[in-house]
Amino acid sequence: MKAPKPPSSTAQSLTKKLSLYFNAIALLIGILVFALSQAGLYWLEDEINKRNLQQTADFAVDQFQQGASSPLIIGPNILAYDSVQSLPKQFQQLSQYPIGYNDEITDDIAHDLFFYHSSFDLQGETKPLFLTMEAEKVELSSDEWRYINFASLAIMILLYLAFDFAISKLSKRLVQPVNQLSQQLKSAHRETSFSVPEGSALEFTELSNSLNKYRNQNELLIKQEQSFAKYASHELRTPLTVILGSTKLLDKSTEPEFQLRQRVRITKAATDMQHTIEALLSLVKQEQTRENSTSRKLVEKEIKQILDEVSPLATYKHLKVELKIFAEPDIQPSPPVLRMLLINLLQNAINASDSGIITLEVWQSCIKVVDQGHGLNDSEQSKDGHGLGLLIVDALCDRYGWQLMLTSGEESGCIAKLTFPNTGETRASD
């Protein structure tokens with residue numbers, strides 16, 4: 001399998017090629033337009049003189065019928081003849097041209113002469129009519145043609161330069177944003193946001209905004225992965241430490257009560273580890289659709305078991321934890337997942353409080369954890385600034401379509417609110 005060839009063109013080279021192509025096209029168009037304009041001027045000049053000569057024939061016929069003698073002078077340039085004999089000797093051979101001939105003659109008979117041959121009736125006799133006009137007197141002179149050609153060339157050159165300038169500006173305006181974005185992508189300064197020159201097309205501005213958005217999302221995901229690893233390591237190491245410590249203590253004493261207490265500690269630590277693993281694995285399960293389609297009732301017993309796990313920490317800090325159940329909602333997360341969600345919120349509330357009451361409220365469409373602690377400050381408004389575990393809470397909420405909101409209390413403290421869809425009402429409406 002052949003390796004793909006590296007690209008042979010860059011944005012800068014494409015700009016030069018684009019300018020070169022358009023310059024070549026502009027030069028070709030300029031030459032064609034100049035040639036066609038010159039040919040058109042020559043044709044127009046001859047056509048005007050021939051029509052002038054033809055239109056003068058009626059006036060010459062009228063004069064001859066009234067008795068005018070040949071040659072008849074019409075205007076400053078036209079001579080009319082009513083017989084071959086009246087033609088000058090050098091123009092005698094012009095009578096050989098057929099009737100109706102009207103054109104410029106450039107041969108040896110009459111060089112640069114407009115000639116028109118016709119006929120008319122004079123007292124029942126058909127007589128010939130010859131009209132002549134010297135071309136030098138009615139056509140543009142060589143100097144005039146030279147001025148016209150010079151003016152045409154000057155206009156063509158100016159248009160070419162203007163076109164070249166416009167194409168150069170346009171190509172740079174089209175390629176420069178791409179080139180700038182490419183340089184920013186290669187830059188080692190990752191904190192610099194993507195930007196395009198002012199006045200760039202809307203699509204380039206949207207592209208730079210999208211790149212900034214994706215970079216921010218990527219950096220956030222990296223931070224979340226790092227925080228996830230730290231949190232998982234902490235949550236798994238703690239029960240492992242308890243298990244190892246209790247196992248060693250089993251060898252220290254043979255008293256049944258002491259060994260029973262160690263076995264209880266080992267069982268609880270293993271259960272906590274199992275719950276943690278199940279909750280974390282739920283983030284990467286592929287059967288999301290099937291799991292989300294089932295729901296269960298959140299009962300008071302399950303919530304009290306969760307409160308029992310955090311009560312030692314609350315007692316140690318002289319805090320009181322209250323439970324207020326206003327409804328038993330239908331939820332989708334499994335018990336291990338719900339345990340991880342609520343324990344994280346309750347532990348954050350306990351750690352942020354020095355005194356007072358922590359209240360856990362269960363409603364039909366939400367669960368609230370209200371504390372009377374320090375509250376939220378500017379550095380804690382984001383989920384990663386108010387407790388490492390909230391990153392896991394946020395990820396689990398996204399997994400099940402829930403929403404986590406952190407707001408300040410009315411007087412002090414913080415309110416952590418888990419909002420979830422009312423699956424019971426949804427199922428009933430179906």
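Colleague: Which residues in α8 do Asp272, His275, Thr276, Glu278, Ala279 and Leu280 in α5 meet?

Modeller: This is a predicted model, and in it the contact of α5 with α8 has five nonpolar, two polar and three charged residues. On the α5 side stand Asp272, His275, Thr276, Glu278, Ala279 and Leu280, and the residues they meet in α8 are Pro336, Val337, Arg339 and Met340.

Colleague: How are the axes of helix α5 and helix α8 set to each other, and at what angle do they cross?

Modeller: The two axes, of α5 (residues 256–281) and α8 (residues 335–351), come within 8 Å. Angles of 65 to 115 degrees count as roughly perpendicular, so α5 is roughly perpendicular to α8, the crossing angle being roughly 95°.

Colleague: How far apart are the end C-alpha atoms of α5?

Modeller: Helix α5 has 26 residues, and at 1.5 Å a residue these should span 38 Å.

Colleague: Which residues of α5 are buried?

Modeller: Across the protein chain, 34% of the 430 residues count as buried. Within α5, the buried residues are Phe258, Gln262, Ile266, Ala269, Asp272, Met273, Thr276, Ala279 and Leu280.

Colleague: Which residues does Leu418 touch, not counting residues up to four places away in sequence?

Modeller: Leu418 is one of the residues that touch the most other members of the largest nonpolar core. Leaving out residues up to four places away in sequence, Leu418 touches Leu341, Leu342, Leu345, Ser365, Cys366, Ile367, Val393, Cys397, Trp402, Gln403 and Leu404.

Colleague: How many residues make up the other core, the one with Phe64 and Ile78 among them?

Modeller: This core lies apart from the largest one, and Phe114 and Met133 are also among its members. The number of residues in this other core is 17.

Colleague: Is Ser152 buried or exposed?

Modeller: Ser152 has its place in helix α3 (residues 142–186), and Ser152 touches Phe34 and Gln38, not counting residues up to four places away in sequence. Buried means under 20% relative accessible area, and because Ser152 is at 18% relative accessibility, Ser152 counts as buried.

How values were computed: Residues numbered from 1 in each chain as written. Predicted model: local features only at pLDDT ≥ 70, side-chain atom pairs only at ≥ 80, totals over all residues. Heavy atoms only, no water. Axes fitted to C-alpha atoms, helices over the stretch in contact; angles between N-to-C directions. Helix = DSSP H or I, 4+ residues; strand = E, 2+ residues; numbered from the N terminus. Parallel < 35°, antiparallel > 145°, perpendicular 65-115°, else oblique. Contact = heavy atoms within 4.5 Å. Nonpolar A, V, L, I, M, F, W, Y, C, P; charged D, E, K, R; others polar. Core = buried A, V, L, I, M, F, W, Y, C linked by side-chain atoms within 4.5 Å. Buried < 20%, exposed > 50% of the residue type's maximum accessible area, 1.4 Å probe, protein only. Expected span 1.5 Å × (residues − 1).
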